[in-house]
Amino acid sequence: MIGILALQGNYQMHSQMLDKLNEKNILIKNSSDLDGCDGLIIPGGESTVMSKMMHKYDLFDSIKKFGKEKGVFGTCAGLILMSNYDSENIIGLDLLNISVSRNAWGSQINSFTNKINIDIDNKIKNFEATFIRAPRIKRTDKIDRSMRILAYFKDEPIMIQHGLHIATTFHPEMHNDTLIHEYFLNIINENK
Amino acid sequence: MKKNTYDQKVGLAEMLKGGVIMDVTNSEQAKTAEDSGAVAVMALERIPADIRKDGGIARMSDPVLIKDIQNSVSIPVMAKCRIGHFAEAQILESLEVDFIDESEVLTPADEYNHIYKHNFKVPFVCGARNLGEALRRIGEGAAMIRTKGEAGSGNIVEAVRHMRSIVNEIKRISSLSQAELMAFAKNNGAPYILIEQVAKTGKLPTPNFSAGGIATPADAALMMQLGAESCFVGSGIFKSEDPQKRAEAIVDATTYYNDPDKLALISENLKEAMKGLDIKEIPSEQMMQERGW
């Protein structure tokens with residue numbers, strides 16, 4: 001069973017993707033909801049809101065602990081929350097040792113969709129990626145060697161994996177293509 | 001590369017679900033809103049309660065005010081233009097606001113036509129009181145619908161009426177035959193193709209948020225349980241005695257809308273809410289919800 005953090009954001013669309021894959025899933029609003037989950041999705045939305053609520057409602061430490069043993073998949077705001085971000089309004093979970101900048105392509109008018117190639121299971125697969133007020137991963141040269149970069153857009157990483165943790169700067173839940181969700185479920189099943 | 005598609009516009013609305021969009025009139029209030037957990041802010045010169053009190057023509061805000069607010073927060077910034085005033089909308093697009101609200105809170109500029117919103121790169125949100133109105137706005141290109149309620153009243157009764165009406169009409173058309181759908185489309189002035197789509201999917205093609213009268217955490221919880229996917233709060237926050245605390249409480253209530261034990265804690269010690277108006281006290285020509293066609 002997969003938990004989907006449901007403090008704010010488009011958690012319903014992730015739930016629909018997992019339904020399509022016949023994977024049981026529940027919405028997570030309290031730390032006790034994580035009991036029995038094999039993995040967690042942190043959806044897109046506003047990272048300031050989710051960070052604040054995670055701290056206020058005691059989810060921060062429990063998700064951090066959960067992430068030490070289990071799979072976590074973050075998209076857009078979820079990637080920011082999995083990073084080492086540290087500011088007045090956002091403290092990252094530090095599950096991925098990356099630095100990111102928020103809304104780094106500009107306002108909504110600069111949101112875009114592009115075909116990308118994803119390197120998974122030793123194959124290159126096509127995927128339609130939509131970036132909405134998306135973050136960017138900073139300083140690629142300093143990315144930890146233990147991290148796998150699964151996809152690039154114009155030479156910069158947009159999808160990254162470290163062990164059981166994956167994150168995308170784009171929204172893999174938006175176009176009915178379950179490729180990345182399936183990949184996440186495979187990572188979790190191999191860990192069982 | 002594809003940009004400014006309808007999917008991307010609705011996509012941003014999807015990201016704002018389960019959150020609170022707060023009206024702010026300066027950068028200090030915008031910061032308070034962001035710190036309290038607002039998912040976006042609506043930049044305007046006067047909040048609806050003051051527009052109602054001051055009278056006169058309410059127009060788009062000064063671009064300087066909007067830019068100030070954009071510079072002070074990292075969350076999306078929305079701004080309002082008058083109904084039908086596409087030149088105001090063009091100016092807001094040039095300022096790169098994240099969403100334009102073609103809003104009944106401002107004085108309408110056109111008494112027959114709304115803006116053709118598909119022509120814009122920036123997504124639009126529009127108010128609606130029923131399914132026909134919501135689908136007319138979506139037909140014109142709105143990427144988000146908010147029920148109108150009665151802005152600046154601090155009274156939830158109209159927001160409830162409008163949300164129930166949209167939700168009930170969606171339920172009703174789900175059971176109609178195709179011939180009956182055409183009659184519904186005709187009687188409600190809604191595009192047939194959208195009526196067909198809603199009847200099939202059982203929901204609007206865009207997110208459906210609530211606005212116009214939310215003043216307490218319980219109000220937000222009520223609207224979310226009735227089917228709202230997020231809440232707009234206008235006067236309810238900065239017309240209350242302790243705006244930051246109330247803002248935080250409404251944000252928390254929007255997340256934990258179906259958890260009464262948490263809602264009880266969230267509702268404690270918030271000091272005075274905005275005073276509010278009985279809808280019967282508002283002269284009919286001053287009802288903002290009647291604006292829009």
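## Salt bridges within chain B

In this predicted model, Lys117(B) pairs with Glu102(B) in a salt bridge (a side-chain nitrogen of Lys or Arg within 4 Å of a carboxyl oxygen of Asp or Glu), the closest N and O atoms being 2.7 Å apart. The pair links distant parts of the chain, 15 residues apart, with Lys117(B) in the loop between strand E5 (99–103) and strand E6 (124–128) of chain B and Glu102(B) in strand E5 of chain B; strands (E, at least two residues) and helices (H or I, at least four) are DSSP runs numbered from the N terminus. Lys117(B) counts as buried at 0% relative accessibility, and Glu102(B) counts as buried at 2%, where buried means under 20% relative accessible area, exposed over 50% and partly exposed in between (1.4 Å probe, protein chains only).

Arg82(B) forms a salt bridge with Glu88(B) at 2.8 Å between the closest N and O atoms, and both Arg82(B) and Glu88(B) are buried.

## A pair between the chains

Lys2(B) and Glu128(A) meet through their side chains in a salt bridge of 3.3 Å, N to O. Because Lys2(B) lies in strand E1 (residues 2–3) of chain B and Glu128(A) in strand E7 (residues 123–131) of chain A, the pair joins two chains.

## Helix H2 of chain A

Seven of the ten residues of helix H2 (residues 47–56) of chain A are buried, among them Val49(A), Met50(A) and Met53(A).

## Basis of the values

Residues are numbered from 1 along each chain as its sequence is written, and chains are lettered from A and ligands numbered from 1 in the order in which they are written. Local features need pLDDT of at least 70 and side-chain atom pairs count only at pLDDT 80 or more, while totals for chains, interfaces and linings use all residues; side-chain values use heavy atoms, with hydrogens and water left out.
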